[in-house]
Every structure is written in C-alpha cells, then in structure tokens.
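Subject: Structure for you, with notes

Hi,

Here is the structure I promised to pass on. Have a look at it first, then read my notes below.

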Amino acid sequence: MTTIFFATDVHGSEICWKKFINAGKFYNADIIILGGDMTGKALVPFIKDSKGKYRVNFLEEEMYLDEEGKLAMEKNISDRGYYPIDVSESEYEELSADAAKVENLFVERVLQMAERWVKFAEERLSQWGIKCFICPGNDDMFEIDSVFAASRYITVAEGKVLDLDGHYEMISTGWSNPTPWDTHRECSEEELEEKIEKMAARVSNMERCVFNLHAPPYGSGLDEAPELDENLRPKYAGRSLIPVGSHAVQKVILKYQPPLALVGHIHEGRGVKKIKKTLCINPGSSYEQSTLLGAIIELDKKGVKKYVLTSG
Amino acid sequence: MAQPGMFVRKASGLVRSWSVFDGFVYSFFSVNLVTLGFYIFAFAPYIPEGNLLTAIVISTIFIIFEVFVYALMVAVMPRAGGDYVWQSRILGGGIGFVLSVTGWGWILWHWVPLYGNMLAFNVFTPILGMLGGWTNSSGLVNAASWFVTTNGLFFSSLVVIILAFIYISLGMSWYARIQKFCFYLGMAGIVTMIIMMLANSRADFISSFNHYATAFFASGEGDIYQQILANAAEAGYVAAPLSKIAIIPSLALIPMVVFFNLWPNWGATLYGEVRGASDFKRNFISMFFGLVVTGILAVIVLLLFSRVFGWDFYNAANFTFYEGTSPFGVFPYPALLVSFLTDSPVLQMWLLISMSAWFFGWCGTVFLSSTRVIFAAAFDRILPDWMAYVTSKFRAPVNALLVMAVGGVIVSAGMHYTEHLETYALNATLVIAVTYLGTTIAAIILPYKDPELYKASPIARLKLFGLPLITVTGVIFLVFLLFLFYKWMTDAVYGVNEPASYLYLAALYLISIIIYVASKWYRKRQGIDLQEIHKSIPVE
C-alpha cells in the first residue's frame with residue numbers, strides 16, 4: 001500500500017510550498033508529488049523614499065511602510081506567490097522601461113526562491129524519508145530544473161519513467177497544449193503526444209503506471225476555464241466555462257488507461273473524473289489564499305484503493 | 001492585465017477584468033422582477049395594511065449589506081466554491097455541508113413547482129389564451145385554462161425540469177449566451193410594457209380588460225373589473241392606498257418581498273480572480289446595481305400599475321385569484337393585463353413572448369447551483385462518487401441532475417396534489433436564508449478566526465468604525481436575517497410556522513445531517529477522515 005499526496009500550481013506561494021513539503025507527514029503520505037507551475041507571476045517593488053519609508057503597491061493599494069511593516073508585507077507578498085524586490089526610485093523607472101531587465105530579475109528571484117525551497121524541503125525530507133517528486137509546468141522557466149535536480153531529496157520527474165514504490169511507475173511532463181499566454185513549456189498537441197508516447201514506450205506495465213501530466217484531458221470537466229475574448233477578458237463575467245484541456249492527454253489516457261492520472265494547470269477545474277479505467281484527479285489551486293489544495297491517493301496492488309481531495 | 005506598481009511576466013491565467021455589465025446582467029436576472037416579483041407581489045393583499053413600495057425600498061437597503069458580505073467574501077476566497085467552501089473552512093465541514101447542500105441543493109426541489117407556477121402563469125396561460133381568442137380555438141382557450149389547474153401546474157413543473165436539464169447539459173457557455181439574449185429580449189418587453197401603460201388611461205384599461213376577459217377568457221358577462229373589486233370587498237379586503245408610506249405595517253411585507261430580492265448574490269460564487277480593490281468593487285457594483293436597478297424598476301412598474309389598473313384593482317385581482325372568487329379565471333399576470341391595452345395581436349404576442357424571456361433566461365438557475373454543490377460535496381467524498389458522474393458524450397452531470405429532477409418531481413407532486421402550494425412558498429426562501437446566515441456568521445468572524453487568510457486578502461484594510469468592514473456589514477445583515485426568521489416563525493401569514501411546514505423543513509435538514517454522519521462513519525471505515533480534509537496544514 002502506498003499513499004501519495006498530490007498538489008499542483010502553487011505559483012510561487014512560499015506558504016503553499018511549505019505546506020506541500022509538510023503535507024507528507026501531516027497526511028501520512030509515503031510520496032509527495034507537485035504537478036507543476038511553481039514559479040510566481042509578479043515582482044512587487046518596495047521603493048524607499050528619502051524619509052526611509054517604503055512605498056509599495058500591492059493588490060491595487062498603495063502603502064507607505066516602515067521596516068516592521070515592510071517585513072510583514074513581504075511575507076504577505078511571498079505567501080501570495082509574488083516576489084518582493086527592493087529598488088530605488090531610479091531603479092524602478094529603469095525597470096519600467098526595460099522588459100529584458102525585468103525578465104532577468106524574474107529569473108534571479110525565481111532561482112533564489114528555488115534555492116530557498118530546496119533548503120526548506122531538505123531539512124524535513126531528510127528526516128522523514130518521504131519521497132518528493134516535482135515536475136515543472138508550462139509557467140516555469142527552464143532555469144529552475146537544475147536547482148531542484150541538485151537536491152538529494154527531490155526528484156525532477158520531467159520526461160522520465162520513475163519507480164514510485166517498487167510496484168508502480170510514473171511518467172511525467174509539465175508541458176501543456178498551447179495557451180493564450182505563450183508560456184515557457186507549451187507545444188502543439190502533436191508534440192505533446194510525442195513527448196508522452198516516448199515515456200509510455202518505456203513503461204513496463206501500464207496497469208501499474210501513474211500519469212503525472214500537467215495539462216488535463218480535453219473535455220474531462222477538469223479542464224473548464226472561463227472563456228476569454230480576444231483581449232483576454234473573461235466573457236459573461238466569467239460564467240461561461242469552456243474546455244481548454246489537451247487532446248493529446250485525452251488520447252493517451254484513452255489509449256493506455258493507467259489506473260491514475262494526476263493533472264493540474266486549470267485552477268478552476270478541481271475535481272475527479274473516471275475516464276475508462278483511469279481515475280483522473282485535478283486538485284485545483286487556491287495559492288492566492290495561501291491554501292494548498294491537494295489529493296491523497298492510496299494505491300494498492302490492484303490500483304487506486306481510495307482518494308480524497310483536501311483543502312489545507 | 002498589468003497591475004500598477006507591479007511587474008507581471010507572461011504567465012497563464014493572467015486575464016483582464018471581466019465586464020461589470022455582464023455581472024450585472026446575472027444579478028439583475030436573479031432578482032427577477034417579472035417572475036419572482038410579480039409572483040410574490042400577488043400575495044401582498046394578505047398583509048393589507050402594508051405598502052409594497054415601502055417594503056421594497058426598506059428591504060433593498062438592507063440587502064445591500066448582503067451584497068457587501070458576499071462581495072467581501074469573494075474578495076477573500078474567490079473561485080473557491082461559495083457558501084459551501086467558505087462555511088466549511090470557517091465554521092467546519094459538517095456545518096458547511098448541511099447548510100449548503102440543503103440551501104443550494106434540496107430546497108431547489110421546492111423551487112421547481114414554484115417555477116412551474118410561474119411558467120404556467122406568465123407564459124403558457126397568457127400566450128395560449130390570447131392565441132386561442134384570436135384564432136377562436138376552443139382547444140387553445142381550454143389549454144390556457146388547463147394550465148392553472150393542478151394537472152396543468154404539475155405539467156409545467158415537469159417542463160421546468162426538462163428545461164433545466166437542457167440548459168445544464170448545454171453547458172455554461174451556452175447558458176450564458178441564452179441568458180444574455182433573454183436579457184435584451186426581456187428588457188425590450190418591459191420597455192414595451194411601460195410605454196403601453198404610459199400611453200393609456202385607466203378608462204382605456206377598464207374597457208379593454210372587460211372586453212378581453214369576456215371574449216378571450218370566458219370570465220362571464222358585464223363589468224368584470226367591478227365584479228373583482230366587489231368580490232374582494234365582500235371578503236373584507238381593501239387595499240391600503242399606495243400613497244400611505246406606512247413604515248411599521250410594511251415591515252410585515254418584507255419577509256414576503258425577500259422571496260424576490262434576496263438573490264443579487266446568486267452569481268457571487270462564479271466570479272473569478274480578485275486581484276485587488278478594483279475587482280472587489282467590480283463584484284460589489286454588479287450585484288449592487290442588479291439589486292438597486294431592479295428595486296427602482298419595481299417601484300416604477302408598481303406606480304404604473306396603480307395609475308393604469310388602479311391599485312385597488314391590481315390587489316383585488318390577485319386577492320380574488322388566490323381566494324378562488326375571481327371571475328377572471330387565470331392569474332392576473334401584469335403583462336397579460338397590459339396586453340389588453342392594444343387590439344393588435346402582433347403587439348400582444350410581442351409583449352407576451354418578449355416578457356417570457358424573463359422566465360427562460362433565468363429558469364436554468366434552478367439546478368445550476370444544486371449540481372455545483374453536489375459536485376463539490378462528492379469530490380469531498382461526502383456524497384457518493386456517482387453523483388458527480390458526467391456523461392462523456394454530452395458532458396452532462398446526469399446523476400446530479402437526476403437527483404434534483406427526481407426530488408423536484410416528488411416535491412412538485414406533493415405540493416400540487418396534497419397541499420395548497422403557495423402555503424409553503426416562503427419555506428423556499430427561508431432555507432436559503434439559513435444558508436446565507438451561515439455565510440454571514442462566517443464573514444463576521446473571519447478576521448478573528450482566520451486572520452492570516454483575512455490579512456492576505458485585498459479587503460484587509462477596509463474598516464468601518466475601526467472594525468473590519470466585513471464584520472460590521474455582516475452584523476447589519478445578520479440583524480436583518482434574524483428579523484426575517486422571527487417574522488416567519490411568529491406570524492402565520494407566511495405559512496411557515498405550521499407543524500407540517502416545520503416537519504418538512506426538518507426533513508430537509510435531516511436528510512443532509514444523516515448523509516453527513518453516515519458518510520463520515522463510512523469514510524472513517526475506509527480510512528478517510530472527513531474532518532481532516534479542511535484542516536490547515538502546519539507551515540513550519
């Protein structure tokens with residue numbers, strides 16, 4: 001019997017990463033798996049003025065903070081998945097005018113975050129003996145892979161066929177079908193299918209395989225996201241939901257019918273769907289509220305024995 | 001897309017803000033003047049001292065605080081799943097399940113026959129009656145009358161279930177489109193209705209009403225208008241003048257009026273990401289205007305009824321219909337009465353069909369929320385997995401719909417054939433108000449019970465009297481809800497405080513409690529602790 005805790009799409013939330021690492025012990029899991037999209041989406045500048053106060057604009061509110069207030073706000077920002085940065089007024093202006101500089105700064109902050117996260121994980125996983133797999137998602141820049149791969153206690157699962165527990169294997173990819181945002185790891189459906197097929201060819205027994213695929217299968221209900229207009233504005237106040245999942249993922253699941261498929265990518269798509277013999281789980285994501293949505297799955301020799309979605 | 005003062009990189013999910021107007025449309029349709037409003041206004045004669053306008057204005061003011069509570073909760077926990085998730089997280093999984101599945105699920109069984117009544121009263125009877133009159137078809141005229149019989153009303157309830165099935169099977173993207181089309185069509189209808197009322201006098205109405213009531217609706221001979229007034233007077237009913245504000249007596253009308261206007265927050269759980277103060281304002285404004293614009297429209301329309309129909313007549317027609325003493329054999333649906341003001345069958349049909357869009361654009365909501373909460377509870381392993389089954393071909397949540405449909409048929413049959421349906425109409429409001437009570441209490445205590453969550457939200461700095469805005473507005477709305485519960489439970493006029501009504505309500509809650517307790521026990525045996533699933537994971 002093996003217990004897996006699966007979460008996904010923490011998007012830079014410091015608190016959600018900590019919860020993810022601690023979830024193994026909290027839920028008595030043997031294995032913890034993070035599905036992808038670990039990096040944050042925004043840099044939040046703290047601009048120091050001549051009086052020693054820090055000006056910051058967070059959640060559309062401008063604030064002037066002293067050192068103590070700044071520390072508290074930095075924690076808030078990190079927990080929400082954004083990166084606080086200290087800049088002067090001139091540096092802020094410089095960044096505002098130079099997209100390349102902002103991109104470089106993003107990479108720098110993301111790598112710092114990754115190093116911090118690895119350290120936090122190693123301190124705990126080394127004591128607990130819980131296996132940890134991560135698989136960067138379409139929003140994650142490639143530079144982070146090597147930081148996590150350097151860890152003795154974290155396995156970067158992208159493109160690999162990995163042994164989970166001596167009985168089950170797992171194939172993983174964080175690549176997704178095309179999105180409107182042209183993110184780091186997205187490709188055509190054909191390419192995505194090829195990536196998965198390459199791994200599938202090396203699986204010894206599909207009845208003992210877990211698919212850890214970031215993109216959910218098309219039309220599964222785990223892939224319903226607000227319909228957007230050409231300006232990326234949700235139509236009908238966000239009430240019109242349409243399937244945006246991957247046809248390639250749908251195809252390989254129908255073809256191989258593994259007992260379990262772990263997916264993410266669509267934060268609103270929290271749910272469970274049985275496709276033929278495959279139990280597909282998208283735990284969803286509420287990283288902005290510092291809540292780690294997840295799933296506990298218990299596997300026995302026959303397949304998925306039980307599962308439950310969690311909100312921690 | 002970019003937020004001021006922040007550098008945002010290209011990442012999935014970064015979208016622009018949605019249109020406030022689209023949010024308003026949903027809210028405006030949820031506080032549905034033509035279906036819910038005209039239906040419940042017809043019961044106002046049972047509180048004869050009250051003034052409907054005063055009750056609408058006062059209730060609208062208090063319901064603004066409900067809008068605050070829900071807009072603020074969405075800002076703290078957007079996309080989370082609404083009342084079920086908010087209550088589960090703040091008050092506990094058991095309370096969250098029982099209040100939400102009863103208030104967003106089972107009680108919607110009760111709304112099916114109510115929707116059925118509205119479909120019969122607002123759509124089938126008027127359209128068939130007028131068509132029958134113009135074509136001289138006794139079949140259509142008989143069909144129009146049949147729809148207000150017990151069998152006709154039950155049939156209409158079944159049609160509601162089929163419509164809800166179709167809407168939900170089509171999916172939200174289609175339903176949103178249909179709703180927007182119906183919004184424009186329905187608005188064109190109400191504008192037509194207002195223009196026709198402005199263009200005609202009371203004398204015009206009296207003569208045309210008498211003509212059509214006699215010629216098309218077989219209401220007998222003579223002055224039907226006067227007969228209705230006389231029958232009401234004979235039963236001791238005299239409407240209080242509309243010019244008399246009557247604040248204290250009108251308070252008693254509020255527990256009735258909320259049947260119509262307690263729902264501007266109906267779409268709150270659907271609103272997306274809240275990234276800052278402006279998104280909170282968007283949520284608030286769309287619900288606020290949905291409520292207030294409808295309130296203003298209700299006042300305008302009622303004043304026009306008073307001018308054209310006569311306030312005495314409008315209330316007497318409703319009173320005698322429910323007392324069974326009206327010579328006009330069908331529900332005095334205001335759009336039907338207004339259609340009598342023209343002799344053009346095309347204009348009459350245009351008015352009745354366009355006004356029916358108010359029903360068709362909104363009736364899908366009867367199972368929409370229910371299927372959502374059933375899914376959420378099934379994913380949490382409280383309800384069985386099969387309830388969340390979705391067909392691969394049509395992507396329809398067929399089992400959740402069946403649960404709602406079977407319950408809806410049973411309750412419809414029970415209500416239509418065993419008791420007078422309207423007696424328990426306000427139970428349907430009360431149970432949802434109890435769910436709102438749960439969310440309101442969760443909102444009040446949120447800043448103290450889960451300070452981390454609250455402080456990380458865009459509303460953390462919103463204060464009133466030095467206290468969190470969510471707490472202050474929550475307390476005001478809580479007082480309003482407690483007033484409603486007090487009135488419903490102490491005054492027989494609402495039909496709630498009867499033994500059979502209490503048993504019915506208790507049965508609904510008991511179903512939820514039994515499911516939760518049994519599920520908790522069963523899952524425990526499987527090694528799943530339902531209490532664990534909402535517990536916060538330690539951070540350090």
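So, how many residues does the contact take from chain B and from chain A? The answer is 68 residues from chain B and 77 residues from chain A, where contact means heavy atoms within 4.5 Å.

Before you read on: this is a predicted model, so local features need pLDDT of at least 70 and side-chain atom pairs count only at pLDDT 80 or more, while totals for chains, interfaces and linings use all residues. Residues are numbered from 1 along each chain as its sequence is written, chains are lettered from A and ligands numbered from 1 in the order in which they are written, and side-chain values use heavy atoms, with hydrogens and water left out.

**Where the chains meet**

Chain A and chain B bury about 6300 Å² between them, with 52% of it on carbon and sulfur atoms. Buried area here is the accessible area (1.4 Å probe) that two parts lose on being put together, summed over both. On the chain B side, B:Phe7, B:Arg9 and B:Ile537 supply 15% of the area buried against chain A, more than any other three residues.

B:Phe7 turns up again in a strand pairing: it is the bridge partner, in β1(B), of A:Leu43. Two bridges join β3 of chain A (residues 42-48) to β1(B), and these strands run antiparallel. For the names, helices (H or I, at least four residues) and strands (E, at least two) are DSSP runs numbered from the N terminus; two strands pair if DSSP finds at least two bridges between them.

The rule finds four salt bridges across the interface, taking a side-chain nitrogen of Lys or Arg within 4 Å of a carboxyl oxygen of Asp or Glu. If you want one to look at, the side chains of B:Arg177 and A:Glu227 meet in a salt bridge at 2.6 Å, N to O. As for helices, α8(B) provides the largest share of the side of chain B that touches chain A, namely six residues. By class, that side has 29 nonpolar, 17 polar and 22 charged residues. Ala, Val, Leu, Ile, Met, Phe, Trp, Tyr, Cys and Pro count as nonpolar, Asp, Glu, Lys and Arg as charged, and the others, Gly among them, as polar.

**Two sheets in chain A**

One open sheet has six strands in the order β8-β7-β2-β1-β17-β18, with mixed pairing. Its edge strands are β8 (154-156) and β18 (303-311), each pairing on one side only. Neighbouring strands are turned by 20 degrees against each other on average, direction ignored. Helix α1 of chain A (residues 14-26) packs on this sheet, touching β1, β2, β7 and β8, and its direction makes about 155 degrees with that of β2(A). Axes are lines fitted to C-alpha atoms, for helices over the stretch in contact, and angles run from 0 to 180 degrees between N-to-C directions.

Within that sheet, four bridges join β2(A) to β7(A), which run parallel, and A:Ile33 stands opposite A:Phe133 there. Three bridges join β7(A) to β8(A), also parallel; A:Cys132 faces A:Ile154, and A:Ile134 stands opposite A:Val156.

The other open sheet also has six strands, in the order β9-β10-β11-β14-β16-β15, again with mixed pairing. β9 (161-163) and β15 (271-275) stand at its edges with a single partner strand each, so one side of each is left without a neighbour in the sheet. The twist averages 20 degrees from one strand to the next. Three bridges join β11(A) to β14(A), which run parallel, and A:Val210 has A:Leu260 as its bridge partner. Helix α7 of chain A (residues 247-256) packs on this sheet, touching β11, β14, β15 and β16, and its direction makes about 175 degrees with that of β11(A).

Cheers
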